[in-house]
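Dear colleague,

I am handing over the structure below, together with notes on what turned up when it was examined. Please read the notes with the coordinates open beside you.

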Amino acid sequence: MRTLAPLSLAAVAFASFSTASPVCAKSFKSSVGTLKVVTVAQGLSHPWSLAFLPNDGMLVTERDGRMRVVTQQGDVGTPLRGLPRIAAYGQGGLLDVVVDPDFTTNRTIFFAFSEPGPGGAGTSVARAELQDGALENVKIIFRMTPKTSAGRHFGSRIVIARDSTLFVTIGDRAERKKAQDMTDNRGMVIRIRKDGSIPTTNPFVGRNGYRPETWSYGHRNPQGAALHPQTGDLWIHEHGARGGDEINVSQAGRNYGWPIISYGRHYWGGKIGEGTSKPGMEQPILYWDPSIAPSGMAFVTGPVFKAWRGDLLVGALKYRMLLRLRFNGTRKIEEERLLQNIDERIRDVRIGPRGYIWLLTDSSDGKILRVEPAR
């Protein structure tokens, strides 16, 4: 077995970016008192995802095809070498990134991106080893089939389940009828092993006319996903059209209805599908009308925000805020709208290793923000 040398942040070349300072902090009111929002770094091009490394570093993806190591003090590394070809157009590009729980021994990460190829582009997932300044042993473990020239609704979030399988969300690529086509990967949550193989416990394994990687289907464009800290269930949210943004609990073999049922309407105002319900199709546990354009989500854990433990945080692109949702089971019992005057499109939401809330903002001058109680 090959011995992996310790990853050293000192070996990463850092670019000259703005970092945190007292003048970068803003204060906001909340149900647990005043929150301080610190700008840790900025100058990133449409950052999409953030993942914490075990050595005080973070991986950050930029949609136009760069991945960087950033320290929690705000030093931003130069782009990592070794990424595969990426189709960075429309809503596509370099998307989610997650760190393997066994990273300290295997140095493995997983990332989702829009991969070019015959017919256009498709959401793909790769695994790689993070070495000093580069990705090595990059292997594509999943490719969306078939690819399409459409430039919208790629998804895509990756969640590592408790059994070490990977959940991956894939949008309908703006070809909505395909979300009900079981021979097509569009509008699905898929489940694969870390090497890309298919778990035999997937709901459609061995059934003719069904893709064996399918976990759930009938989704529009899921850009948030997280495991419930108590149940281990996969919770996702997805963009509606005009109204109809949803939160769903993704369950094996279930059909979530898009585009046959929806609480939204076409952007020009027309009706979508057959209505809001139909036998054999799941109802969302929550929907928003008007739409908030959700992106990124995380359950609150850790020692910092004790009063919010177990609550769900959702970023909003359209309304430029952070939402806190409390549920009794799957019934919403409380909603709090936070950081409403931040004037930033919230793209990703994470809970850091010390329990602080971390956010990415979606702009050509994208920021990494840390949310903490004001002292």
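A salt bridge, as the term is used here, is a side-chain nitrogen of Lys or Arg within 4 Å of a carboxyl oxygen of Asp or Glu. The model is a predicted one, in which local features need pLDDT of at least 70 and side-chain atom pairs count only at pLDDT 80 or more, while totals for chains, interfaces and linings use all residues. Residues are numbered from 1 along each chain as its sequence is written, and side-chain values use heavy atoms, with hydrogens and water left out.

Salt bridges

Side chains of opposite charge can pair when their charged atoms come close. By the rule above, the count comes to 31 salt bridges. One of them joins the side chains of Arg 186 and Asp 184 at 2.7 Å, taken from N to O, and both of these residues are buried (buried means under 20% relative accessible area, exposed over 50%, and partly exposed in between, with a 1.4 Å probe and protein chains only).

A further salt bridge links the side chains of Arg 345 and Asp 362, with an N to O distance of 2.8 Å. Because Arg 345 lies in the loop between strand 23 (331-338) and strand 24, and Asp 362 in the loop between strand 25 and strand 26 (366-373), this pair ties together parts that are 17 residues apart in sequence. Arg 345 counts as partly exposed at 27% relative accessibility, whereas Asp 362, at 6%, counts as buried. Elsewhere, salt bridges that share partners join Asp 311, Arg 324, Arg 326, Glu 334 and Glu 336 into one network.

The side chains of Arg 354 and Asp 56 also meet in a salt bridge, at 3.9 Å from N to O. Arg 354 lies in the loop between strand 24 and strand 25, and Asp 56 in the loop between strand 4 (47-52) and strand 5 (57-62), so the pair ties together parts that are 298 residues apart in sequence. Asp 56 itself is partly exposed, with a relative accessible area of 24%.

Strands here are DSSP runs (E, at least two residues), numbered from the N terminus, and two of them pair if DSSP finds at least two bridges between them. An open sheet is formed by 5 strands in the order 2-3-26-25-24, with antiparallel pairing. Strand 2 (25-28) and strand 24 stand at its edges with a single partner strand each, so one side of each is left without a neighbour in the sheet.

Glu 62 lies in strand 5 and, at 1% relative accessibility, counts as buried. Leaving aside neighbours within four places in sequence, Glu 62 is in contact (heavy atoms within 4.5 Å) with Leu 44, Ser 45, His 46, Pro 47, Arg 68 and Leu 94.

Gln 131, found in strand 10 (residues 120-131), counts as buried at 13% relative accessibility.

Terms used. Helices (H or I, at least four residues) and strands (E, at least two) are DSSP runs, numbered from the N terminus.
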